[in-house]
Amino acid sequence: MRKKIFKSNFLTSLFVLLASSALIMGVLFNCFEKNQESQLRSQLSLAVAAVESEGESYLKKTTLNNERLTLIDTDGKVLFDSENDVSKMENHGSREEVRQAMAVGYGESVRYSSTMMKETCYIAQRLDNNKVLRISADRLTIWSLALSMIQPFLIVFIISAAFSLLLSDFAARQISEPLNKLDLEHPIENDTYDEIAPLLRKLDHEIKEVRTQKEQLETNKDEFNTVITNMNEGLVMLNEEHTVISINHAAMNFYGADEHAFNHNFLLIERDIDVNAFLSKAEKEGSVEWTQEKNGRMYQLYANAVNAGSGRRGLIILIFDITEKAFAERNRREFTANVSHELKTPLHSIKASAELIESGLAKPEDVPRFAHVISKETERLVTLVEDIIRLSKLDEKTDIPLEQIELKSMVSEEISRLIPTAEEKEVTLIQKGVSVSCTASRQLMQEIIYNLIENAIKYNKQGGSVTVTTGQDQDCAILRVKDTGIGIAKEDQPRVFERFYRVDKSRSRESGGTGLGLSIVKHAVQYLNGRIEMNSEQGKGTEITIRIPINQNKSI
């Protein structure tokens with residue numbers, strides 16, 4: 001601040017000095033110019049009077065200092081000049097001051113010489129005999145005057161600049177010292193300039209606000225510590241270097257830690273390499289979750305990255321005891337395995353063929369064909385039950401063999417098996433797309449295709465259609481099943497892939513559904529490293545898209 005005050009005062013002084021010098025120079029030049037013109041007019045008047053009374057002979061005997069007299073005839077010819085030979089002089093009839101004098105009796109003009117850096121002032125007056133008498137004298141320009149005064153001006157400028165320098169430094173000290181001594185802890189108690197009193201009052205108000213906010217933050221901090229201390233869920237906060245900055249009692253019990261865990265690296269209380277890998281993943285992706293078993297109980301852990309500004313600033317780990325939930329889920333998986341044999345979808349074809357044979361409606365030559373259907377569907381029923389049992393075991397990472405399959409032909413096979421069901425519902429089955437091969441489980445892909453098409457038929461409208469499309473998108477094989485059925489409400493869409501979940505339980509019973517179809521599809525796609533996308537609007541139909549990687553490097 002002191003430097004700014006000093007600079008401001010010094011530059012102001014220099015500006016005033018330069019402005020004053022320029023003003024004085026202009027005033028002096030103006031006075032000098034007017035005085036010279038007045039003298040020339042006086043001398044010209046005297047010369048005119050003398051020539052009128054004594055004749056032109058007066059011009060030859062008169063003596064001048066710095067002025068020059070010229071007599072010009074009515075045709076512009078120079079008759080007399082006090083400095084030059086008239087025989088060598090050009091006609092002056094065109095000179096401005098001469099023309100003015102011939103016209104109105106009196107004329108003036110000033111001409112500048114850039115080489116001599118001076119001006120010449122001309123004043124002319126017409127005589128009684130119509131001749132013109134002119135007087136002229138050189139005068140300095142303002143620049144010439146400035147050059148002539150440069151030495152005294154520099155001396156004055158240097159002295160004034162030095163004096164301004166000292167005064168500016170003194171003024172800056174006098175102004176800044178009281179400001180440097182301000183007590184910012186108690187702003188309104190300072191005795192200083194009246195001009196900054198509003199600022200000090202504002203500062204005092206802001207300090208009080210900060211103190212109030214600090215007290216509020218301390219209160220909030222105490223409340224927060226009380227809440228997390230009494231939480232049943234574990235909570236751990238880590239900074240960007242994975243140092244523990246907060247941990248509640250539930251988390252201490254989980255990790256077997258104590259109060260000394262604060263300000264220590266998380267590795268000291270959790271040495272599991274997999275857990276630290278999850279934390280690194282959370283820092284990259286933003287969040288991650290995993291399950292962990294300890295002391296005979298099951299826990300669900302969530303790690304979330306904390307963003308601050310342009311980068312990560314730490315992690316929050318939440319620990320939930322899900323032992324009861326895991327137990328319930330395990331019981332439901334067991335229930336799925338127990339009721340899998342009740343899935344009756346393949347039995348429809350078996351029953352229809354058997355009834356035709358039993359009733360005698362089947363022609364003798366058609367009996368082997370119906371018997372083949374019964375055998376094939378019975379085999380498929382056994383395979384289906386085994387597949388459902390296998391899906392219930394997939395949670396235990398049971399391996400499934402992979403092979404190269406051609407998706408379009410597999411879709412054709414499953415459509416042919418479902419034609420009777422579609423005809424019964426008066427639903428048209430349409431196949432589109434191109435051939436595409438991928439590495440997958442044949443059994444799982446059959447279940448995926450069959451269940452999707454069967455669901456599309458069951459929940460379709462009479463006279464509707466089901467379109468099955470195969471294709472390829474970059475490194476994924478695409479299976480898309482689109483129907484014109486009843487659609488799925490938005491609130492039900494997140495849950496339709498849950499086991500035993502039914503959107504319309506009464507309709508599901510009518511269609512023979514068990515609530516496992518889409519759940520089987522979901523688990524099959526997951527274990528094939530694929531993705532499911534669903535687009536549905538109630539009353540307008542549903543479209544489900546399955547993406548399966550074309551190349552699988554290992555068995556799942």
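**Salt bridges and burial**

Mentor: In this predicted model, Arg 134 and Glu 97 are both buried.

Trainee: Which elements hold Arg 134 and Glu 97?

Mentor: The side chains of Arg 134 and Glu 97 meet in a salt bridge, at 2.8 Å from N to O. This pair links distant parts of the chain, 37 residues apart. Arg 134 belongs to strand E5, and Glu 97 to helix H3.

Trainee: Which residues are linked with Arg 134 in a network of salt bridges?

Mentor: The structure holds 16 salt bridges. Some of them form a network in which Arg 134 is linked with Glu 97 and Arg 111.

Trainee: Is Arg 547 buried or exposed?

Mentor: Arg 547 forms a salt bridge with Glu 533, with the closest N and O atoms 3.0 Å apart. Glu 533 lies in strand E16 and Arg 547 in strand E17, so the pair ties together parts 14 residues apart in sequence. Buried means under 20% relative accessible area. Because its relative accessibility is 14%, Arg 547 counts as buried.

Trainee: Is Glu 324 buried or exposed?

Mentor: The side chain of Glu 324 meets that of Arg 297 in a salt bridge (3.3 Å, N to O). Exposed means over 50% relative accessible area. Glu 324 has 52% relative accessibility, so Glu 324 counts as exposed.

Trainee: Which residues does Ala 456 touch, not counting those up to four places away in sequence?

Mentor: Ala 456 lies in helix H13 and is buried, with a relative accessible area of 2%. Beyond those sequence neighbours, Ala 456 touches Val 466, Val 481 and Asp 483.

Notes. Residues are numbered from 1 along each chain as its sequence is written. This is a predicted model: local features need pLDDT of at least 70, side-chain atom pairs count only at pLDDT 80 or more; totals for chains, interfaces and linings use all residues. Side-chain values use heavy atoms; hydrogens and water are left out. Helices (H or I, at least four residues) and strands (E, at least two) are DSSP runs, numbered from the N terminus. Buried means under 20% relative accessible area, exposed over 50%, partly exposed in between (1.4 Å probe, protein chains only). Contact means heavy atoms within 4.5 Å. A salt bridge is a side-chain nitrogen of Lys or Arg within 4 Å of a carboxyl oxygen of Asp or Glu.
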